[in-house]
Amino acid sequence: MATRPPLELPCWGRLREHHAAVVRRHLRELFTEDPQRARDLTFEAAGWRVDLSKHRITRDTIQLLVQLAEQCGLAARREAMFRGERINTTEFRPVLHIALRLPRSRSLIVGDQDVVPQVHQVLDRMADFATRVRLGAWKGFTGKRIRNIVNIGIGGSDLGPAMVYEALQFHADQNLRVRYVSNVDGSDLTLALRDLDPAATLFVVCSKTFTTLETMTNARSAREWLISQLGSESAIARHFVAVSTNQAAVREFGIAPENMFVFWDWVGGRYSVDSAIGLSVMIAIGPDAFREFLAGFHAMDEHFRSAPLQRNVPVLLGLLAVWYVNFFGCQTWAVVPYEHCLRRLPSYLQQLVMESNGKSVTLQGEAVSYATAPVVWGEPGTNGQHSFFQLLHQGTVLVPCDFIGFCEAQTPLQHHHDLLIANMLAQAEALAFGRTAEEVAARGVTAGLVPHRTFQGNRPSTILMAPKLTPRSLGALIALYEHAVFTQGVIWNINSFDQWGVELGKELADRIAPELGTNEEVQHDASTTQWILYYRERRARDGRAGKPPARAN
């Protein structure tokens with residue numbers, strides 16, 4: 001693994017020189033010069049077809065970026081992850097989300113233990129429980145069948161399963177209502193519960209430590225709601241299950257140990273949807289579909305591990321991010337799924353990219369001297385076309401885009417789907433090639449309006465398409481982005497698997513929360529102190545004074 005900053009590697013200088021030449025080239029010119037460009041820059045991986053031809057690159061760009069990956073030791077670091085080495089150096093942990101989707105027949109030894117049997121033991125327990133809920137064998141405290149699933153978590157314990165459930169709604173049991181609660185804002189929980197029958201509701205509380213402030217605040221309020229409605233603490237055992245590692249805290253809450261599903265410290269939150277964190281998803285879509293979901297992940301894992309770097313789709317996507325962030329100065333990246341059910345994918349990828357690579361310190365603890373993760377954002381097409389696409393086409397900033405689509409519709413409304421995909425392809429074409437002033441004038445536009453209706457083009461995008469949105473194709477898509485993020489982290493020489501940046505705010509919130517409900521003196525900066533005093537005053541004036549908020553720990 002390279003320990004030198006990437007800027008000091010020989011290939012970085014060559015890329016800088018290459019960029020100076022490429023930046024002056026237009027995609028119109030690149031396509032005209034190379035009739036085979038679209039064919040040669042389109043790649044296949046785990047059922048996905050990925051077109052990189054509309055990027056501001058040449059074959060030389062790919063060759064230089066691959067050389068950079070080689071000089072940064074990408075292959076060695078990738079193997080270290082797959083072997084279970086402790087590549088999360090600040091927490092001294094392996095990074096083994098890839099083990100969560102290994103087939104039962106495989107083996108992965110970490111220390112002196114094979115983790116694959118452990119993974120499948122949990123998957124089997126999940127499958128048994130999910131089947132009992134789906135068939136009505138698991139009943140609530142009053143004997144009613146479970147019809148409502150409420151997942152309580154935050155971060156990866158919410159964004160992952162919530163996104164996947166939304167994406168796979170057409171594969172889910174329509175007799176079950178599945179909801180996700182994450183925000184400590186009481187509106188989130190209140191709205192989720194207000195039309196549910198408590199006797200038919202099952203809560204899945206997802207917290208590795210079972211101390212997460214937001215999750216446990218919501219879980220305790222849900223517990224109080226259930227007891228108040230059903231009249232007995234004994235109801236907890238039939239209406240709550242846990243995904244955690246803290247058996248003592250789970251038991252204290254009232255959940256029996258046999259209703260706790262474990263995962264391991266080598267599973268990061270944002271990489272955990274294919275672990276027991278996905279229990280709500282498995283209940284919704286069924287164990288067989290969930291195993292197909294895992295198979296999609298594994299297929300992309302195998303591609304990432306074995307494909308040559310110059311044809312390795314996750315590697316190429318990761319290297320393109322480096323190309324745009326570090327050489328073009330791009331600060332954002334748009335993700336636009338042309339599939340309504342993937343509407344939460346941009347939010348999911350925000351955490352995956354920005355929590356993983358939003359770092360300013362190298363693996364060696366030194367300040368970085370280059371940009372790292374871009375800001376990820378987006379909305380589904382075609383909605384985005386009527387909001388932010390104006391900036392993408394004619395704005396002053398360059399924003400690379402990922403367009404994600406499927407050949408088959410999920411509904412009988414095929415003409416809707418044809419129009420949807422036509423829009424996706426049209427937007428990528430318009431961004432790439434634009435419309436010149438001469439072309440606008442030739443259409444009879446008056447001279448005064450020509451500048452307003454000219455499209456510069458040369459705006460880069462990726463098109464990713466699969467035959468259909470299925471559990472398998474979704475698993476492969478998530479793994480594709482996971483490994484692209486890994487690639488970026490290796491190039492930038494940062495730890496993609498810790499998240500210390502979230503800790504300080506949580507620590508200060510834990511300090512401020514009890515201060516809001518007391519009259520004791522506070523010691524913060526002048527602005528924070530002012531707002532605490534203002535909030536106290538309004539809280540007392542509105543008659544909301546009472547005991548201070550409880551700490552999670």
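**Notes on the pocket, the sheet and the salt bridges**

1. The largest pocket holds about 1,200 Å³ of space. This is a predicted model, where local features need pLDDT of at least 70, side-chain atom pairs count only at pLDDT 80 or more, and totals for chains, interfaces and linings use all residues. Residues are numbered from 1 along each chain as its sequence is written, and side-chain values use heavy atoms, with hydrogens and water left out.

2. A word on terms. On a 1 Å grid over the protein atoms alone, a pocket is an open set of points where a 1.4 Å probe fits, with protein on both sides within 12 Å along at least five of seven lines; lining residues have an atom within 4 Å of a point. Grid points are joined across faces, edges and corners, and the volume is the space filled by probe spheres set on the points.

3. So who lines that pocket? There are 45 lining residues, and Thr212, Gln499, Val502, Glu503 and Lys506 lie nearest the centre. H7, helix H9 (213-230), helix H15 (345-357) and H20 each give at least two residues to the lining. H20 supplies the largest share, 6 residues. (Helices are DSSP runs of H or I with at least four residues, strands are runs of E with at least two, and both are numbered from the N terminus.)

4. Next, have a look at the open sheet: 5 strands in the order S6-S5-S7-S8-S9, with parallel pairing. Its edge strands are S6 and strand S9 (260-261), each pairing on one side only. Two strands pair if DSSP finds at least two bridges between them; strand S5 (residues 148-152) and S7 share 5 bridges in the parallel sense. For one of these, look at Asn148, whose bridge partner in S7 is Thr201.

5. Helix H7 (residues 156-167) packs on this sheet and touches S5, S6 and S7, its direction making about 150° with that of S6. H8 also packs on the sheet, touching S5, S6 and S7, at about 170° to the direction of S6. Contact here means heavy atoms within 4.5 Å. Axes are lines fitted to C-alpha atoms, for helices over the stretch in contact, and angles run from 0 to 180 degrees between N-to-C directions.

6. On to charges: the whole structure has 28 salt bridges (a side-chain nitrogen of Lys or Arg within 4 Å of a carboxyl oxygen of Asp or Glu). Glu79 and Arg305 make one of them, with the closest N and O atoms 3.0 Å apart. Glu79 sits in helix H5 (residues 74-83) and Arg305 in helix H13 (residues 287-306), so this pair ties together parts 226 residues apart in sequence.

7. Asp195 pairs with Arg179 in another salt bridge, the closest N and O atoms being 2.6 Å apart. Asp195 is in the loop between helix H8 (186-193) and strand S7 (201-206), while Arg179 is in strand S6 (residues 177-181), so the two tie together parts 16 residues apart in sequence. Asp195 is partly exposed at 41% relative accessibility, and Arg179 is partly exposed at 23%. (Buried is under 20% relative accessible area, exposed is over 50%, and partly exposed is in between, with a 1.4 Å probe and protein chains only.)

8. Arg511 is partly exposed at 35%, whereas Glu515 is buried at 14%.
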